[in-house]
Amino acid sequence: MIPSVRRTARQRAAERWANAEGTVTKALLLGVAVLGLVAQFVPPVGDALEGKTYLGGAILSLVGFVLYSEVRRLNDALRPEVRDEVPSTDLEQYFDQALRAKRQSRVTVDAIGFTGETVLYPLGRKLEGLDGGARRVVRLRILVPDFTAPMAIPGMLDERGRAVDDPRFRGELLRKVREYEDEWRALARSLRQSEQAELDAQFRVLRITPLLKFCLINGEELFDGIYDKVVERPARTPPERQVLDLMGYQAVLTRWRAETGAVGRARVAERQDLFDMLWRVASPLGGGPGS
């Protein structure tokens, strides 16, 4: 299945101009060639053009400009698309840019992660710091693993040093995510009462391996990465044991933008389609061990 590509009005306008520019270029080159042939074989035309130094120079300048434009476009097409490496801790500035952009009042954030805190903390700070300017409509969707289901990571080490399920640890993680959900409901009420923003924050769970993490802003900007570290540490709650925990707060994310070209648009669209599909089949937060 070929993923649908979501394009902004600016992207569509740029593509239309690129197509029109190519057509105009071909027409100009063809016109110059035809004029040269006509001048060669039709004496009146040749006589009329003879000695027209300025006309010839103008035509040569036009041809040079057209060729330069074509070469520049070819170089742009062959040059690798720019992509940034962004620490997860830098997401806050991109949320700030999206919330303060004057061109749109609606902001969407879709994210998949371990507990969602990589997105929740910086976005929450920016929402709480909104001034009395234009009212924002913000939709947040967070997809996390189903901590009611057994899993080895996060988990614990058994007596042989192998990863096994840890219901107590999963219970802690589930309670944490449910607390986040309650906090964001309260934040939505506060923002609505102060007329700073209209916030719709939703959490869903799915039985997936909690290694992938990415965040999409307005379906145009993607921050793509993985949880790149598994940490063995003592459990914070009895009984005494070693747990395996995922760490991704310091992970480096690859930033893709739909406006950078075909590869960027495709990567953003692929992740948006993946998220939308997983969101459709996911379930609301429920109870679980230790709840």
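I will describe the sheets, then the cores and the cavity, and finally some details of the backbone.

First, a word on the source. This is a predicted model, in which local features need pLDDT of at least 70 and side-chain atom pairs count only at pLDDT 80 or more, while totals for chains, interfaces and linings use all residues. Residues are numbered from 1 along each chain as its sequence is written, and side-chain values use heavy atoms, with hydrogens and water left out.

Let us begin with the overall picture. The protein chain contains 7 helices and 12 strands. Here, helices (H or I, at least four residues) and strands (E, at least two) are DSSP runs, numbered from the N terminus. Of the 291 residues in the chain, 37% are buried. Buried means under 20% relative accessible area, exposed means over 50%, and partly exposed lies in between, with a 1.4 Å probe and protein chains only. Among the contacts with a separation of 6 or more, 75% are between residues 24 or more positions apart; a contact means heavy atoms within 4.5 Å.

I turn now to the sheets. Strands of a sheet pair through backbone hydrogen bonds, either parallel or antiparallel. Two strands count as paired if DSSP finds at least two bridges between them.

Strand E4 (residues 155–157) is joined to E10 (residues 242–247) by 2 bridges, with Gly-155 opposite Leu-244.

Which residues touch the most other members of the largest nonpolar core? They are Val-119, Leu-123, Leu-127 and Trp-184, in a core of 42 residues. A nonpolar core is a set of buried Ala, Val, Leu, Ile, Met, Phe, Trp, Tyr and Cys residues joined through side-chain atoms within 4.5 Å. The elements giving two or more residues to this core include helix H4 (91–100), helix H5 (117–128), helix H6 (167–193) and strand E3 (136–145). H6 gives the most, with 9 residues. Not counting residues up to four places away in sequence, Leu-123 touches Phe-95, Leu-99, Val-109, Leu-140 and Trp-184. A second, separate core has 12 residues, including Phe-214 and Trp-256.

Next, the empty space. Rolling a probe the size of a water molecule over the atoms shows where such space is left. On a 1 Å grid over the protein atoms alone, a cavity is a set of points where a 1.4 Å probe fits but cannot get out, and lining residues have an atom within 4 Å of a point. Grid points are joined across faces, edges and corners, and a volume is the space filled by probe spheres set on the points.

The search of the whole structure finds 1 cavity of 30 Å³ or more. The largest cavity has a volume of about 90 Å³. It is lined by 14 residues, and those closest to its centre are Ile-112, Thr-118, Val-119, Lys-213 and Phe-214. E7 gives the most to this lining, with 3 residues.

Finally, the backbone. Most residues other than glycine have a negative phi, and most peptide bonds are trans. The bond from Ile-153 to Pro-154 is cis, with omega near 0 degrees, and Pro-154 lies in the loop between E3 and E4. The bond from Pro-238 to Pro-239 is also cis, and Pro-239 lies in the loop between E9 and E10.

Is Glu-195 buried or exposed? Glu-195 counts as exposed because its relative accessibility is 59%. Its phi is positive, near 60 degrees. Asn-218 also has a positive phi, of about 55 degrees, and is buried, with a relative accessible area of 18%.

Thank you for your attention.

Conventions:
On a 1 Å grid over the protein atoms alone, a cavity is a set of points where a 1.4 Å probe fits but cannot get out, and a pocket is an open set with protein on both sides within 12 Å along at least five of seven lines; lining residues have an atom within 4 Å of a point.
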